[in-house]
Amino acid sequence: MSDDLQPPTVDRRRFLTVLGTAAGGGAMALSGCSTDRVQKLVPYLVQSEDQVPGVATWYASTCTECPAGCGVHVRTREGRAVKLEGNPDHPVNQGKLCSRGQAALQGLYNPGRIKAPMARAADGGFLEITWDDAIARLAGKLGEAGNRVAVISGAPRGTFSDLLAEWTSAMGGRLVRYESFDHEPVRAANRQVFGLDQLPAHDFGKARYIISFGADFLESWGSPIENQRGFARSHGFSGGDVAKFVYAAPRRDLTGLNADEWVSLKPGSEAALALAMANVLVADRGDDRVGLASALGSFTPAMAAEETGLEVETIERLAREFGAARPSLAVAGGVGSQHAAAAEVCAAVNVLNFVAGNIGETVRFGSALPAADGHTELAKLAQAMDGGELAVVLVHDANPAYTLPKSSGFAARFAKVGFKVSTSMYLDETAALCDLLLPQHHALERWDDVRPRAGVHGLMQPVMEPVFNTLPAGEILLRVSRKAAGALARFAAPTWDQHLKTRWQALAGELGERDAAAFWHAALQRGGVYRDPPPPQEVTLTLPEGRLSYTSPTFEGAGSFTFLTYPHPMLHDGRGANKPWLMENADPVTKITWHSWVEVSPATARTLDLRDGEIVELTSPYGTVEAPVYVYPGIRDDAVAIPLGFGHTAYGTFAQGRGVNALDLLGAPRGDFVPYLSTRVSVRKTGGYRKLASVAGVPRQLGRGIAEGISLAAAKKGLTVEQAYLEEGHGRHEINTALELEAIRGWSEEQQRATEHGDYTRELPQWGMAIDLAKCTGCSACVTACYAENNIPTVGESEVLRGREMTWLRIERYWEDPEEPGAPPSARFIPMLCQHCGNAPCEPVCPVYAAYHTADGLNGQVYNRCVGTRYCANNCPYKVRYFNWYKYNEQAWPEPLHLQLNPDVTVRARGVMEKCTFCIQRIRDTQHHARLEDRPIRDGEFTTACAQACPSDAIVFGNVKDGAGRVARLKQDPRGYHVLEDLNVRPAITYLAKVLLPAEA
């Protein structure tokens, strides 16, 4: 990362030179140097009516980073998008936004985007061509192909997907809707048990007891933000009972680490546990109105104990706890537990929910959730490619060459197609195999819409001019139709924009709206149309021949370990690997960034003599990969695991060549879904070693009381953390004697009086924060939000290895040792950021007074005073100050990624300290508006970026002097405490202790 390799920047002298070309007068007198390197200036001669320099313009749109279809508000400045935030009006995410949604901004400005249409050249590379040429080439090939045309589409359900289906059908072609993490096992189970070919919606907020059979509902399963919000309502403490959460799977992912109890069962045996629990409930209630007793008769707790490796007593206890809670909720179908019999697991969970009375309560049908076509249809299409039956294949919003196992042979079959076309924005693995690249607009550059569920019509609009020479995919189809004519001539809309608006005029009529224009403008302002969901659909049990099935798991290969793979919480199926925010935002479980790893249990590590960072070779019947070891206590001794999302061979410089693709160890899919849990592997030490690019600190609290927890009983009594410890018989932990405490109080009061000068004597707000650890799941959405809002640079893997990450807000994960011998440790998450101490130890040691305390309670940092002594970082007990070692401001944002920078926040230079500012730019902006309107700031009128993004609403910010304000009330909660409060630094952040449920409730 040599500074000498960086391009020249705008220094002070060059700035004045450039300024002289535009400002004239006095500025011209300063521009006495050469102007040979001055770039062309574009003045605001004709300003857009929607853009005022220095004032943000907001647009409502819809996120397309996953099928959930969350609503977003896009903040633009001077014609460029600079921040994505959740739309409070949207029923799915209600103002919150996950890390992947916020990182869509880095997809918009990604330097790896295809900048114009391209065609395969004679030498095998790609050459840029004009759009007219590109459209003519595709139209000509379609005219020659006849009906030998196919389309693979990952587009969400909406007007474009409707057009694409009609367009393909008009040619007599074949359309396959493809989603790598489809929920096909759930659909198959619903067809079997209820006779319904649909996906259900789940109400986590209503559940009083939750058990997940491997479904990672806080990460990639279903609608993660909606699930997390509901989970926080039921599992977060609000004065009463808390829903218990049990996680039954061979590995604990982030969802599993938030469970009150981990049931570590044998891989593939989940259905036996679910059916045995249903058997116990039916037997205990003596009610067999639906005839399940005979169907469940063979699935006894003893049978399940033999299959799962659990105790009979544990199975019976789980069943009775689940049945006693009304309503409860069982979920299944996650990628991490998707084996060949995954449909049986989902069917068993359906029966368990039916027996417990959860259908229509926490499990609701009729929501019209979108689903793809399943792998069977894609496999048929691949066979047609292999047989030469297809002349043209168009791939849209999908990358099957990467997201399918290499053993499936998709890439080789795809290569046999005569003419292959991709509309991908990036040169991903599938696009790299194509003959013609027609890059579409990013979601923030185009008109579009999404229908993620019944009653929700999310609208998308262009929030800025296109960054590159691209087109909306709908526009491409319409232009090709005009050029090809024939069967496609009926697609006669003049533009894609007009086609979409015509469809919305029809939608206004379907919804009973008389004024279509007013309907359109209202939808544009709100980000869509949101109607009440339909009532739950009536469901009846339709078991074929009254039978339930369970297949004992079998795995391919003769290795000693079952191979587990799972979606990376940030990278998903790999689509996030080209976004540096997501690559550097650590995996919440392992805290590793930028590369793959192999998880082994502590016992396995001892047996194989492995330590963190040692490189091992994993071999299955289908391939071999190498990756460094991470010793993880949340995995079974007979299993090893690697995350998905790494190992790209294309997809841009951020993604390419990082880690390994875990799919290389899997066999070809043999059914309607990919069995990610299907093989056994052997593990061999290679003798190599690499340091893990981890941001983890000390893994345990070591008695420091950082992430505190109290029992549910103590919380319901209103006990403080100290009182709860005393009640549990731990005894008082004396830090200071009575005389020392008295001296500290006197010194503290004297310090407070010493500050009462000037502005410090005025009646000003005092800003503070409350963080509820009972709600925080460690999802790290707040971390990405902080990066996006505050221009925090990513430093790359090499700097992370030196411990030089720049994130102002980090999520600490601490292991808590269990009381029972042999039980796995539990985890606690705590967001750690500058505490804005009232008696900050960083301030008195700064020799240039760069660190100081503002009159409204903030620990300020003056960048242009700072000389980088780092005394403040050495004196900070929370280690939340970061030093710019290199020119990260030049290296982190290669063109055009620099366009994402927030103009309201200084881009820090090399050699200064930086830290959380409580989003000071938001505070001052709100204060200015309130002053102009001659009123005080209202509680909740604004908040910090981290609090705004948090899906579980665990972070609350505001004026602690406002007694009616939410943050002031939370600071009075008995669970409240300050981290390292014995140091007398008086933090402005109050944490609310995590509420702990006993494993056996």
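## Arg77 and Glu78

Arg77 and Glu78 form a salt bridge, with their closest N and O atoms 3.4 Å apart. A salt bridge here is a side-chain nitrogen of Lys or Arg within 4 Å of a carboxyl oxygen of Asp or Glu. Arg77 is buried at a relative accessible area of 7%, whereas Glu78 is partly exposed at 29%. Buried stands for under 20% relative accessible area, exposed for over 50%, and partly exposed for values in between (1.4 Å probe, protein chains only).

Salt bridges with shared partners join Arg75, Arg77, Glu78, Lys83, Glu85, Glu789, Asp904 and Arg922 into one network.

## Basis of the model

The model is predicted: local features need pLDDT of at least 70 and side-chain atom pairs count only at pLDDT 80 or more, while totals for chains, interfaces and linings use all residues. Residues are numbered from 1 along each chain as its sequence is written, and side-chain values use heavy atoms, with hydrogens and water left out.

## Lys579 and Glu65

Another salt bridge pairs Lys579 with Glu65, and the closest N and O atoms lie 3.8 Å apart. This pair links distant parts of the chain, 514 residues apart. Lys579 sits in the loop between β20 (561-566) and α21 (580-584), and Glu65 in the loop between β1 (57-62) and β2 (71-77). Helices (H or I, at least four residues) and strands (E, at least two) are DSSP runs numbered from the N terminus. Lys579 is buried, with a relative accessible area of 3%; Glu65 is buried too, at 15%.

## Arg611 and Glu614, and the total

Arg611 and Glu614 meet through their side chains in a salt bridge of 3.6 Å, N to O. Glu614 is buried, its relative accessible area being 14%. The count of salt bridges comes to 65.
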